[in-house]
Amino acid sequence: MNRGTQSASGVGVDVIAGLAVLLVGVAPILLGEAQGRELLAPKEQAITEFDPTKTPSLDQQKQGVPQSIFVWIKMARGYEVEWDTFGRKGWYTQDPRLKPIDPGTTVFAPDTPAVYIVFEVAPLEDPAQFSAKWYLEDEQGNVSEKPVGQDTLAVPGHERYGFLELTRTPEGWTKGNYMVKIYVTPQGQQAFHAANEVGTMRFKIADQMSPTGASAAGASASQ
């Protein structure tokens, strides 16, 4: 009885040893195939904002209809902080209401220090980045590939108001038409990825600045 048991055990050990040798021989072949061929080739991801994208113009807005993530977004000569609109007058608040100065202005003088884009969004659950790049257009309306400048604003969670500052270069504004690309991204992600572009706006640098509200571009949605 003991002898029979030992023989069976010996056969079992031989079978296991044979399988191990077989697996050792086959494994390099399988590994080589796995390393030499991928089932799904990775797709190259675009990382610039110059990819063809179709985003809405944020200049023309319908009354009471939000566009993109914005409740309203306006081009202006500046902004004011309405501190007394939250809690008691004069108290400090982390979410002051911003009021654009001369909203709807789209033509600015060459000596303008900065053009502002002021906006309101629904209260954010998480921190986000709002960014802008502005480009000069030629006489045919073609947009330059190189931006004139860029700006990014980090907005903490649960806040609603913000602004982007399109500053004049040290050389000054070049007269002509400009196109602005607006981006919204979660905090910490690439600010100017093409996939994060949400819309465009336009303004002009000229000798004669348009009177307040004279242009329909940048007209506000519901306050």
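Predicted model: local features only at pLDDT ≥ 70, side-chain atom pairs only at ≥ 80, totals over all residues.
**Entry 1: overall numbers**

I started with the surface: the accessible area of the protein comes to about 13,900 Å², and 56% of that belongs to carbon and sulfur atoms (Shrake-Rupley method, 1.4 Å probe; for residues, only the protein chains shown count as cover). Residues are numbered from 1 along each chain as its sequence is written, and side-chain values use heavy atoms, with hydrogens and water left out.

Next I looked up burial. Of the 223 residues, 35% count as buried (under 20% relative accessible area; exposed is over 50% and partly exposed in between, with a 1.4 Å probe and protein chains only).

I then took contacts, meaning heavy atoms within 4.5 Å. Among those with a separation of 6 or more, 74% are between residues 24 or more positions apart.

**Entry 2: elements**

I find one helix and 10 strands (DSSP runs numbered from the N terminus: H or I of at least four residues for helices, E of at least two for strands). From the N terminus on, the order is α-β-β-β-β-β-β-β-β-β-β.

**Entry 3: the three-stranded sheet**

I traced an open sheet in the order β1-β5-β8, with antiparallel pairing (two strands pair if DSSP finds at least two bridges between them). Its edges are β1 (70–76) and β8 (161–167), each with a single partner strand, so one side of each has no neighbour in the sheet. I read an average twist of 15° from one strand to the next (axes are lines fitted to C-alpha atoms, for helices over the stretch in contact, and angles run from 0 to 180 degrees between N-to-C directions).

Six bridges join β1 to β5 (residues 114–121). Opposite Ala 76 I found Tyr 116 in β5.

**Entry 4: the five-stranded sheet**

I listed another open sheet with the order β4-β10-β9-β6-β7 and mixed pairing. Here β4 and β7 (149–155) are the edges, each with a single partner strand, so one side of each is left without a neighbour in the sheet.

Working through the antiparallel pairs, I got these:

- β6 and β7 are joined by seven bridges, and Ser 131 has Thr 152 of β7 as its bridge partner.
- β6 and β9 are joined by nine bridges, and Phe 130 is partnered by Val 184 in β9.
- β9 and β10 are joined by eight bridges, with Tyr 178 opposite Phe 203 in β10.

I also checked burial in β9: nine of its 11 residues are buried, so this strand is largely enclosed by the rest of the structure.

**Entry 5**

I counted five bridges in the antiparallel pairing of β2 (residues 78–82) with β3. Val 81 stands opposite Leu 98 of β3. I noted two faces on β3: Leu 98 and Pro 100 are on the covered one, and Arg 97, Lys 99 and Ile 101 are on the uncovered one.

Asp 102 sits in the loop between β3 (97–101) and β4 (107–108). I flagged its phi, near 55°, a positive value in a residue other than glycine. Most residues other than glycine have a negative phi.

**Entry 5: nonpolar cores**

I used cores as sets of buried Ala, Val, Leu, Ile, Met, Phe, Trp, Tyr and Cys residues joined through side-chain atoms within 4.5 Å. The largest has 26 residues, and those with the most contacts inside it are Phe 70, Ile 117, Phe 130, Leu 166, Val 180, Ile 182 and Phe 203. Two or more residues come from each of β1, β5, β6 (128–136), β8, β9 (176–186) and β10 (197–205). Another core lies apart from it, with six residues, among them Leu 98, Tyr 116, Val 118 and Tyr 161.

Thr 112, in the loop between β4 and β5, is buried at a relative accessible area of 11%. I followed its side chain to the backbone oxygen of Ala 109 at 2.7 Å. Leaving aside neighbours within four places in sequence, Thr 112 contacts Arg 168 and Trp 173.

Lys 133 belongs to β6 and is buried too, with a relative accessible area of 9%. I noted Met 179 at 8.4 Å from Lys 133, C-alpha to C-alpha, although the two are 46 residues apart in sequence.

Note on methods: Polar contact = N/O pair within 3.5 Å; in protein donor to acceptor, adjacent residues only side chain to side chain.
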